[in-house]
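The sequence and the structure are displayed first.

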Amino acid sequence: MNAIERSIQSAKPLWGVLGLLAVWWLVWKIKVADPVLLPSPQATMFSLWSGMTDGSLWHDFVATVRLTTVSFLLAAVIAIPLGIFLGSSVPLYRSVEFIIDFFRSTPASALFPLFLVLFGTGDLSKILVTAFGAGLVILFNVAYGVMNARQTRLLAAKVMGANKLQTLRDVMFWESLPQTFIGLRNGISLALVIVIVAEMFIGSTEGLGHRLVEAQMLFRMPEMYAAIFAAGALGYGLNWSSVMIEKRIVHWGGK
Amino acid sequence: MNAIERSIQSAKPLWGVLGLLAVWWLVWKIKVADPVLLPSPQATMFSLWSGMTDGSLWHDFVATVRLTTVSFLLAAVIAIPLGIFLGSSVPLYRSVEFIIDFFRSTPASALFPLFLVLFGTGDLSKILVTAFGAGLVILFNVAYGVMNARQTRLLAAKVMGANKLQTLRDVMFWESLPQTFIGLRNGISLALVIVIVAEMFIGSTEGLGHRLVEAQMLFRMPEMYAAIFAAGALGYGLNWSSVMIEKRIVHWGGK
Amino acid sequence: MALKLAKPEPPMAPPPEDSRGRNPELEERLRWFPPNTHITIRGLDKAFGDTTIYEGFDLNIPRGKITSVFGPNGCGKSTLINMISGLIPYDGGEILFDGKSLSETHISYVFQNYREALFPWMRAIDNIHYPLKLMGVPAAERKRRVDALIESFDVPIDFNAYPYQLSGGQMQTICIMRALVVDPEVLFLDEPFSALDYEMTLLMRDRLQKIFQERGTTMMMVSHNLEDAVWLADHILLLTRKPTRIADMVAFEADRPRTATTVSDPEFVRVQKHCLEIFLKEASVR
Amino acid sequence: MALKLAKPEPPMAPPPEDSRGRNPELEERLRWFPPNTHITIRGLDKAFGDTTIYEGFDLNIPRGKITSVFGPNGCGKSTLINMISGLIPYDGGEILFDGKSLSETHISYVFQNYREALFPWMRAIDNIHYPLKLMGVPAAERKRRVDALIESFDVPIDFNAYPYQLSGGQMQTICIMRALVVDPEVLFLDEPFSALDYEMTLLMRDRLQKIFQERGTTMMMVSHNLEDAVWLADHILLLTRKPTRIADMVAFEADRPRTATTVSDPEFVRVQKHCLEIFLKEASVR
Amino acid sequence: ADLVRVGSFPVASSLPYYVAKDRGYFAEQGIETEEVRLMGGPALLSALISGQIDAAANLVTLEGMNGNLLRAGVATYIAINGQNTEYPMEQYVAHGRLGIETLEELVNVDKRPLRVMSAPGPANMAVARAGLSAVGLTEGQDYILNELAMNLHVEAMLAGTFDLGMTLEPNATVMLGRGNLVAIESGIIANRVIQREGAQAWAAGAALNQAFIDANPDVARRFALAWSKAVDDIANDPGARESLKGNTFTPDDIAATVPLPKFTMIKDLDDQDLADFQTFLDWGTELGLMRQNVAASTFLKDLEN
Ligand SMILES: Nc1ncnc2c1ncn2[C@@H]1O[C@H](COP(=O)(O)OP(=O)(O)OP(=O)(O)O)[C@@H](O)[C@H]1O
Ligand SMILES: Nc1ncnc2c1ncn2[C@@H]1O[C@H](COP(=O)(O)OP(=O)(O)OP(=O)(O)O)[C@@H](O)[C@H]1O
Ligand SMILES: [Mg+2]
Ligand SMILES: [Mg+2]
């Protein structure tokens with residue numbers, strides 16, 4: 001593979017961006033929706049650019065990144081070990097499955113009142129409700145990764161005299177790693193979603209969610225779509241980091 | 001395993017329910033939160049019971065089940081084949097990954113305006129926005145299941161002369177099935193979440209989301225928590241059905 | 001890198017002769033495919049990272065013969081047949097099939113990794129059915145062929161079990177049966193008897209010979225058991241350590257059908273001894 | 001069902017005698033553990049679904065000896081050593097270790113499924129290190145032991161490769177080395193040479209014998225190669241088809257160290273022939 | 001300075017808070033406020049009950065009284081906002097294609113059922129229904145009522161998804177400025193529920209927690225004084241509207257013109273106002289929006305003296 005091929009390879013994501021913009025442009029062009037309601041990609045990109053350069057969008061962007069990262073890390077640090085532990089015993093997992101599936105299926109926005117009451121109206125509430133939501137998804141994926149682990153590997157560790165903890169750490173963790181990364185990517189997107197929704201519906205003075213709701217209320221459509229675009233691109237970026245890390249770690253996938 | 005053991009086994013989920021109620025009761029009892037804001041589990045269960053028997057909660061429950069099921073099925077029917085197809089070629093997937101990760105990371109509530117403008121405020125909008133959100137998650141999981149498939153199996157099919165379509169249908173589909181079910185369970189919970197959020201924020205006259213928001217507005221806390229409980233339990237039930245189906249189909253997991 | 005198609009077309013009509021009575025097409029063809037050659041390998045290069053496995057490797061695999069491949073662990077036997085059968089790409093050189101291209105040739109392959117090569121979501125019997133299904137053989141005909149195969153093998157395996165419910169040897173047996181049921185033109189076998197018991201090995205050896213005699217299938221078999229390798233073979237390909245070269249190509253021309261007594265045949269003993277000597281000389285690192 | 005611990009405690013102090021000069025404890029012990037028995041199996045039952053594999057199966061595995069297990073595919077050899085080593089549950093009966101319980105005994109196991117038994121996230125060398133790590137051996141000491149082992153084996157394998165970058169035979173070699181590095185009290189080997197080339201098999205056989213002679217490890221090896229099975233063994237356990245019984249327990253008492261010439265020893269030839277006869281009689285379904 | 005934690009919902013109805021803050025009236029009274037943004041009544045009420053905030057800049061009275069029924073005094077109003085045709089807040093907007101100018105003309109429209117949008121929540125829905133039943137329409141048969149989150153109103157009406165919408169300010173002003181939409185009627189509660197010429201609907205207001213008042217009576221008094229000064233400014237000084245910008249969801253271009261409710265301190269209410277307020281609350285109780293009757297004056301406090 002020469003340099004040109006390689007740069008085409010690595011330009012893959014660009015096709016996605018272009019595809020999205022192209023469809024958008026088309027929808028806008030043939031006026032499927034009133035242009036007042038669905039602005040053109042150009043106008044949106046312009047708003048995105050000016051928002052980023054005048055610092056207002058950038059400020060909200062950074063605020064959202066900060067909350068999302070903190071919540072996600074908190075979620076991952078708790079959910080990965082817990083998921084391995086719970087997944088290591090099917091009966092154990094079954095007995096807590098109700099709670100996991102229960103809260104996975106409850107909208108974060110329905111849980112806001114509870115978290116507000118318990119943890120106040122500050123960032124703490126937002127971080128905790130986000131970590132809770134994302135953590136459950138990570139936990140669920142990790143636990144299933146462990147439950148679907150290849151038996152022979154577990155038996156090999158067992159017969160070498162690995163105790164429960166060592167098996168968890170040295171085998172189940174690694175065996176479930178491809179699935180864990182899928183869970184992390186589910187979790188990172190969900191974390192972003194919950195943070196934005198929290199910024200939208202729990203009062204907030206900054207963040208993409210706040211910007212989104214404000215733009216919507218003020219009926220600044222390009223600004224609203226710019227905020228959505230920023231959120232989506234941020235989501236892609238976070239996922240991409242995760243893929244990069246996964247590539248370095250999980251070299252044995254499918255082998 | 002005798003009959004008693006077996007019934008203890010199958011009673012596992014009950015432990016989850018009891019655990020949840022116990023923690024709740026404790027939190028309520030030691031007054032972590034004002035009892036006006038966090039009602040007791042008894043009061044909530046009573047409200048759940050009366051809501052179910054007088055038919056009002058039941059009616060909303062059924063409405064939500066209906067929307068969720070329709071949206072989920074629509075999502076699955078589209079996302080599974082598409083996910084297998086996209087996952088079968090890593091470069092292909094990479095080139096659409098932006099779009100998938102973009103929308104996975106955008107809150108459904110931010111997409112409501114767009115769907116509203118395009119498809120109105122009826123059930124159609126709700127179904128489509130839900131199927132879109134859940135479908136992306138399913139797609140993502142299925143595609144990764146295919147990408148992580150065991151190479152030897154694909155090579156075996158290839159050498160037997162399977163063409164692309166046959167490999168997709170006979171090998172990749174099955175190889176990714178454990179992951180597909182994880183995706184379906186992620187998707188089913190997400191579908192429920194989006195339906196409820198849509199019922200909360202897009203015009204609605206029924207459904208758990210509508211009930212939830214109404215109870216919240218009228219500050220009827222037991223009723224609100226009863227609606228949340230009903231949603232969570234519904235999520236567990238839907239997940240449980242999926243586990244049952246998976247158990248029947250994926251017998252080879254980890255072997 | 002995709003596999004090349006067969007380069008020189010097979011002469012369907014008698015090839016035209018030029019003015020001087022020479023036939024350049026035939027000459028070209030013969031340069032690539034000496035008579036009775038099925039697969040030609042020229043200048044094959046293959047490396048994994050920094051490790052060169054093959055470099056400028058040439059080989060002719062004869063048509064309608066059994067070629068056994070014998071060589072030390074890690075010399076590249078599996079890699080070689082994987083490249084020939086188009087499962088992994090190679091870095092340079094050419095692999096040509098005479099007559100048809102690889103994609104037109106019906107090949108079967110018994111993987112060294114017999115556990116993962118089976119489909120765990122299908123019962124053993126359906127695993128055997130599967131390649132026929134791919135070929136579009138109608139259900140009734142398929143059933144007839146599979147039943148006949150099972151009957152002719154007469155092995156005590158529960159064909160309704162799923163692969164993960166079978167023992168190692170049983171899985172390997174299913175793999176072999178799956179490869180044979182399609183009646184391939186070329187059959188690759190990578191250590192097909194490694195998990196089989198004594199009796200089963202003899203049975204499988206015998207079955208392979210029978211199918212070979214009936215159908216003239218070109219076969220290429222990797223084996224670490226020299227007795228099996230020689231007993232079945234027309235030619236034994238002896239490979240060196242990597243970077244891999246051909247140490248020798250030994251012919252064994254005993255009449256077929258060969259039987260249990262063939263192993264005491266003086267020619268057999270001589271060939272086996274010769275192969276072992278070369279192997280020990282070429283394969284040894286010590 | 002979990003594995004039972006050793007039932008009769010090992011007599012640490014001289015056991016008390018009763019009034020009539022008898023020693024009931026010792027008697028009980030001897031009933032379970034005839035002298036020199038390491039593992040006792042009594043009335044073992046095992047079925048998979050409707051298929052009975054073992055029913056009331058009794059076996060004594062001698063201490064400090066090599067026991068080869070020889071039997072037809074699917075008779076339950078892997079199942080047997082899996083049950084003994086506590087990897088799968090059994091339906092009834094008892095498996096007792098003399099002296100210590102299973103959990104106190106240091107066992108090693110070379111899996112038939114050598115591909116999946118390695119950890120693909122670790123390099124080959126780290127796979128070998130791993131059991132020592134589990135035992136809490138300090139890094140320096142670990143390195144010393146692994147290096148010594150690698151040197152004594154002297155095989156041309158890139159130990160820095162990941163398992164999936166190795167050939168089948170190389171993987172199996174790593175598996176064997178991983179099992180040997182810990183210096184186990186009991187060693188189970190399930191077809192450990194199945195993917196090895198001729199020379200490597202001889203080398204491994206020899207290494208196992210050397211370790212056995214140095215350390216007196218109790219070994220139990222499944223093999224489909226009768227030569228390997230007899231060459232290494234003190235006893236050859238011959239099994240029938242399922243429901244599995246003991247067809248015979250043949251002793252082979254040639255002096256150690258056995259060498260390449262042992263295979264032409266008349267006693268070796270006799271034992272091998274005897275085993276084959278019994279195998280063919282008991283294993284055949286035809 | 002004494003700290004008061006104020007829950008604010010960033011809408012025009014919270015304007016006195018922003019004016020008092022921006023013009024330094026709180027500081028004048030030795031009060032420092034901490035603004036806690038909360039989106040909507042339930043969140044504000046929760047925060048009041050759990051003691052996370054001391055005051056709510058703008059709390060719907062039905063919701064506040066509901067809270068008072070659960071915990072007496074959590075929403076003690078120091079000022080309430082009147083709304084009617086003169087001070088429009090809730091209003092009907094129709095799509096131009098209906099060709100109507102008053103609510104009464106709806107009976108002549110052929111299209112059945114009409115698709116009607118309402119601001120969210122049972123109270124708003126009830127208001128919307130009250131207006132339509134007053135002109136003789138039957139729900140389900142003549143119209144289908146959908147509630148919709150406030151942030152979706154403009155899009156939905158402009159997209160023509162609905163024939164008629166019961167929306168609130170500033171959405172009404174925003175949408176009327178952009179599309180083929182017609183203002184039909186404002187002051188629906190006053191006109192259709194209270195049904196008295198010139199009546200005010202006292203639908204929202206500023207509330208303090210009684211527990212806070214009891215603990216810090218003087219702080220509460222000074223808070224009310226600052227508030228009162230801001231209310232005066234809004235009534236008399238158009239410049240006070242500057243505080244809408246940036247603080248509330250009011251587009252800058254309509255900040256100067258957007259209708260505001262009649263902010264009124266408790267001391268300025270007369271008996272008629274109290275009677276109207278009672279009528280409104282009773283209506284809420286009747287519809288089940290409040291769990292039982294409450295006397296209007298119980299939770300209104302004039303703290304300025
Ligand atoms: N994916 C890979 N990456 C790096 N090296 C590889 C890879 N696959 C194989 N190799 C190396 O290539 C060499 C040849 O491997 P191959 O599997 O062809 O050997 P083989 O002759 O089949 O050996 P065996 O008899 O043990 O099966 C080995 O030394 C192996 O380490
Ligand atoms: N999980 C399972 N479910 C059902 N049957 C099983 C299962 N595992 C093994 N069996 C059956 O038990 C029998 C013994 O299997 P086992 O693997 O012990 O055989 P083996 O003696 O090791 O054979 P081989 O020499 O082929 O490795 C086989 O007939 C197999 O079909
Ligand atoms: Mg190989
Ligand atoms: Mg076995």
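## Residue M147(A) and the basis of the model

M147(A) belongs to helix α7 (residues 123-147) of chain A; helices (H or I, at least four residues) and strands (E, at least two) are DSSP runs, numbered from the N terminus. The model is predicted, with local features requiring pLDDT of at least 70 and side-chain atom pairs counted only at pLDDT 80 or more, whereas totals for chains, interfaces and linings use all residues. Residues are numbered from 1 along each chain as its sequence is written, chains are lettered from A and ligands numbered from 1 in the order in which they are written, and side-chain values use heavy atoms, leaving out hydrogens and water.

The relative accessible area of M147(A) is 15%, so the residue counts as buried (under 20% relative accessible area; exposed is over 50% and partly exposed in between, with a 1.4 Å probe and protein chains only). Apart from neighbours within four places in sequence, M147(A) has contacts with G87(A), V90(A) and Y93(A), a contact being heavy atoms within 4.5 Å. Its C-alpha atom is 24 Å from that of T106(A), a residue 41 positions away along the chain.

## Surroundings of ligand 2

Ligand 2 lies between chains C and D. Its shell holds 20 residues, the closest being S167(C), K77(D), S78(D), T79(D) and K242(D); a residue belongs to it if one of its heavy atoms lies within 4 Å. Both α6 (168-180) of chain C and α2 (77-84) of chain D supply at least two residues of this shell.

A polar side-chain atom of K242(D) is 2.4 Å from an oxygen atom of ligand 2. For a side-chain N or O atom of N73(D), the distance to a ligand oxygen is 2.9 Å, and for a polar backbone atom of Q165(C) it is 2.8 Å. Taken alone, ligand 2 exposes 640 Å², of which the protein buries 85% (Shrake-Rupley method, 1.4 Å probe).

How values were computed. Polar contact = N/O pair within 3.5 Å; in protein donor to acceptor, adjacent residues only side chain to side chain.
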